[in-house]
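Here is a short tour for anyone who likes to think at the level of side chains. Keep the viewer open and follow along.

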Amino acid sequence: MDKKKKFLSGGNIKTYLLLHIILFCFSLSSVCSKMAAQQEFLSFKFFFFYGLVLLILFAYAIAWQQVLKRLPLVTAYANKAVTVIWGLVLGSVFFQEKITLQKVIGAFIIIFGVYLVVSEEGECEA
């Protein structure tokens, strides 16, 4: 069975969906971190947002291990580049940060670079 048919068979689609859900959650930890930084130091809100960061990262670490049971590390890690896009989107939504052409180009360069590294890795194995 070729790779595309194997991917579309269902099992891997669920794994990739889980991967991208946990990567989205991982991106939310950055939002909580920035929210904590905007609060008065040692205030209730500071501890609340910092606690959310720790909770999200704890859940992410466990879920990441589950994904790694089902996907090669190089594949899972390459998909982590999507957090750059989530960072742009979440920054815009929560902090009214502008999505500029330079940021989009930078995100594209990062994702393309990861793609090149992963595709090189695949060629070396053949």
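The notes below go through a charged pair, a helix and a surface patch.

Please keep in mind that this is a predicted model. Let us begin with charge. Side chains of opposite charge can pair when their charged atoms come close. Here the count comes to one salt bridge. Its partners are Lys 34 and Glu 97, whose closest N and O atoms are 2.5 Å apart.

| Residue | Relative accessibility | Class |
|---|---|---|
| Lys 34 | 34% | partly exposed |
| Glu 97 | 31% | partly exposed |
| Ile 105 | 41% | partly exposed |

Next comes helix H5, which has 14 residues. From its first C-alpha to its last, H5 reaches 19 Å, close to the 20 Å expected at 1.5 Å a residue. The buried residues in H5 are Val 82, Thr 83, Leu 88, Leu 90, Gly 91 and Phe 95. After H5 comes Gln 96, with a positive phi near 55 degrees.

Finally, look at the surface. Leu 101, Ile 105, Phe 108, Ile 109, Phe 112, Tyr 115 and Leu 116 make up a nonpolar patch there, and together they have about 750 Å² of accessible area. One of them, Ile 105, lies in helix H6.

How values were computed. Residues are numbered from 1 along each chain as its sequence is written. This is a predicted model: local features need pLDDT of at least 70, side-chain atom pairs count only at pLDDT 80 or more; totals for chains, interfaces and linings use all residues. Side-chain values use heavy atoms; hydrogens and water are left out. A salt bridge is a side-chain nitrogen of Lys or Arg within 4 Å of a carboxyl oxygen of Asp or Glu. Buried means under 20% relative accessible area, exposed over 50%, partly exposed in between (1.4 Å probe, protein chains only). Patches are made of residues with over 30% relative accessible area and no salt bridge: like charges are joined within 9 Å, nonpolar side chains (Val, Leu, Ile, Met, Phe, Trp, Tyr) within 5 Å. Accessible areas come from the Shrake-Rupley method with a 1.4 Å probe; for residues, only the protein chains shown count as cover. Helices (H or I, at least four residues) and strands (E, at least two) are DSSP runs, numbered from the N terminus. The expected span of a helix is 1.5 Å times one less than its number of residues.
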